[in-house]
Amino acid sequence: MSKRRNSPDAARRRFLKGATLAGAAVLTTPVAPAAATPSPSLAPPRGKAVPPGPRLAAVETMPPSKDPVTQTTSGGDFMVDVFKTLDIDYLAMNCASSFRGLHEAVLNHGGNTKPEILTCPHEEIAVHMAQGYAKIEGKPMAMICHGVVGLQHATMAMYNAWCDRVPVIVMGGNIIEANKRAPGAEWVHSAIDPAAIVRDFVKWDDQPTSLQHFAESTVRAYKIAMTPPMAPVMLSLDAELQENPIADAETLRIPKLSRVIPPQGDAGALAELAQMLVAAENPVIICDRVARTPAGMARLVELAETLQCAVIDTGGRMNFPSRHPLNQSFRRAVIGQADVILAMEMNDVWGALNAFSDRIVRSSRPTYKSGTKIVTLGSRDLYMKANYQDFGRYQDVDLNIAGDAEASLPTLIEQVRRLVDDNRKAAFAARGKKFAEARQASMEQAKSDATIGWDARPITTARMCAEVYNQIKDEDWSLVGTAIRLSWPHRLWNLDKPYRWNGVSGGAGVGYNLPASVGAALANKKHGRLTVAFGGDGDFMFVPSTLWTAAHHQIPLLYVVHNNRAYHQEYMYLQAMAARHNRGVTNTEIGTTIKDPNVDYATVARGFGVHGEGPITDPKDLGPAIKRAVAVVKSGQPALIDVVTDPR
Ligand SMILES: Cc1ncc(C[n+]2csc(CCOP(=O)(O)OP(=O)(O)O)c2C)c(N)n1
Ligand SMILES: [Mg+2]
């Protein structure tokens with residue numbers, strides 16, 4: 001899509017390592033604005049302020065007298081140069097006048113590359129795309145939204161990304177100076193503190209008032225976003241700063257972005273943990289967001305294999321291979337047998353270690369036995385905010401090691417290795433053998449469970465997932481954006497590489513799956529991976545126009561709509577509520593189903609320029625439809641399959 005004009009690599013090289021704007025001047029040579037001659041009838045007397053009077057309104061609606069019609073550079077150009085030094089590949093946006101200066105600079109100064117614009121019909125799409133992208137690519141994408149209203153649309157996705165601890169560079173246009181705002185939209189879309197509505201769920205924000213300030217704050221924002229625990233950051237960009245010529249080019253400097261070294265847990269504490277793990281009869285590792293980079297999974301495998309202990313992966317990231325013999329994720333009973341539990345990068349330790357029922361009476365009980373030693377290792381405690389309660393209930397633990405788990409693992413593994421003598425090795429091997437057998441048995445059980453209702457109509461979710469896997473398993477596939485409660489892939493598919501899975505929404509804000517999957521597919525595209533995702537019909541209905549973005553930018557993605565014609569989770573809650581009040585379930589479809597009319601998702605897809613298959617109601621039709629859709633995806637385009645799993 002993008003047309004390269006300037007060489008971004010060359011430009012970046014010039015700026016890296018704290019280069020001054022000497023290099024940038026080539027790209028952003030400011031041209032002094034030609035003094036435009038004001039209209040004689042409106043021109044104030046030379047050297048005098050405009051006198052108050054009836055003509056004042058007319059003066060204000062005219063272009064400013066010094067409108068630099070021959071301006072050839074803008075503050076936006078410099079901003080683009082900053083993005084290039086940060087190697088930001090994409091800028092997702094829904095266009096708006098409050099950042100028209102930057103938008104134009106990205107295209108005409110930056111050549112629409114690094115960043116390349118992604119056109120999104122909704123700001124929530126832009127942020128969710130960035131969230132899905134970052135979890136595959138390992139670096140943030142930028143998004144920009146219209147002052148006030150665009151940011152209001154972006155908020156839920158920002159909350160998801162924040163709860164998911166994913167870096168996103170969010171920017172919003174604003175017009176700071178009141179006397180520069182045009183009447184109407186520019187007033188209602190300006191704020192004195194635009195970031196106020198998102199401050200509780202961004203890690204940092206700023207509103208730069210000069211280009212130098214912009215450069216420093218953008219590099220700082222990038223660093224903060226990328227330092228574990230990662231999170232979105234927000235910059236409010238003054239429209240004047242973007243649009244006006246660069247006044248002080250020779251003094252501008254883009255700061256150097258240094259490597260972020262994530263904090264390791266204390267070495268003494270890790271040694272103590274190693275002793276506990278090696279001495280334990282049944283240590284269990286439970287983890288949620290350990291793998292930040294491709295190295296994370298390999299390190300976790302190394303620790304687990306050294307100990308031959310059970311690993312429960314709650315799926316926040318691609319932490320542990322699904323078919324690894326020590327993977328006991330679907331055998332949570334191992335928690336009850338544990339004498340030491342190592343909980344790593346868990347967002348909600350209490351939630352993972354306690355059973356909770358909200359049916360009839362809200363009640364809970366620990367799933368671990370009393371006396372079990374619990375150790376946490378993670379960056380969770382290094383960053384906390386008060387308002388939103390994403391931290392979960394307080395869990396008693398015996399040792400709380402604050403530090404990035406992936407970074408701490410090499411030290412922990414080394415300490416564990418030192419302590420494992422031949423006796424322990426033999427005991428560990430016996431333990432591992434039992435887990436391998438149990439894993440195999442649970443796999444066989446899952447295979448057998450999956451055949452229940454194999455030919456049934458409506459189509460079972462097991463059949464839907466199996467038919468898809470059957471046709472992608474020999475490709476270099478990547479499963480993204482899918483709700484974790486659709487557990488068949490984790491039970492049966494071979495998730496064995498760091499990009500096989502990219503976690504969940506974080507904040508459980510529905511509307512994540514479709515756009516986050518498109519973002520992840522964009523990151524997978526250059527690697528030639530076949531990206532696949534399953535998403536609920538309810539999820540799809542929030543931002544269906546995401547499909548247009550996928551078609552427009554030619555992002556290959558196989559998107560399967562798990563169409564139960566309902567907000568089924570809520571439907572079940574409502575049934576439970578009606579049963580509790582002994583009032584029957586007759587009315588529970590009201591407000592919880594997506595019927596009358598049924599939505600034809602394949603037709604919707606075609607309307608957005610995306611290949612659509614379905615609605616598929618007979619399981620026999622699945623295979624051929626998936627085959628056609630996979631061929632489309634392999635040709636570089638998105639495709640959607642509507643699979644009707646409506647039981648009613
Ligand atoms: C923004 C938002 N609105 C509402 C909810 C409440 N909610 C949780 S699950 C769910 C149903 C989602 O429907 P769908 O994606 O079709 O999944 P299903 O439950 O049918 O499998 C809803 C509405 C939410 N979590 N987030
Ligand atoms: Mg549904």
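In this predicted model, a backbone N or O atom of A566 lies 2.8 Å from an oxygen atom of ligand 1, a pair that falls under the definition of a polar contact as N or O atoms within 3.5 Å. A backbone N or O atom of G538 is likewise found 2.7 Å from an oxygen atom of ligand 1, and a polar backbone atom of V510 lies 3.0 Å from a nitrogen atom of the ligand. On its own, ligand 1 has 580 Å² of accessible area, of which the protein covers 77% (Shrake-Rupley method, 1.4 Å probe).

The shell around ligand 1 is made up of 16 residues, the closest being D537, G538, A566, H568 and Q569, where a residue is near if one of its heavy atoms lies within 4 Å.

R317 is placed in the loop between β8 (310-313) and α13 (334-337). The relative accessible area of R317 is 11%, and therefore R317 is buried, a term that means under 20%. Residues up to four places away in sequence aside, R317 touches K135, D164, R165, V166, D288, R289, A291, W501 and G503, with contact meaning heavy atoms within 4.5 Å.

Because the model is predicted, local features need pLDDT of at least 70 and side-chain atom pairs count only at pLDDT 80 or more, whereas totals for chains, interfaces and linings use all residues. Residues are numbered from 1 along each chain as its sequence is written, chains are lettered from A and ligands numbered from 1 in the order in which they are written, and side-chain values use heavy atoms, with hydrogens and water left out.

Notes
A polar contact is a pair of N or O atoms within 3.5 Å; within protein, one must be able to donate a hydrogen and the other to accept it, and residues adjacent in sequence count only if both atoms are side-chain atoms. Helices (H or I, at least four residues) and strands (E, at least two) are DSSP runs, numbered from the N terminus. Buried means under 20% relative accessible area, exposed over 50%, partly exposed in between (1.4 Å probe, protein chains only).
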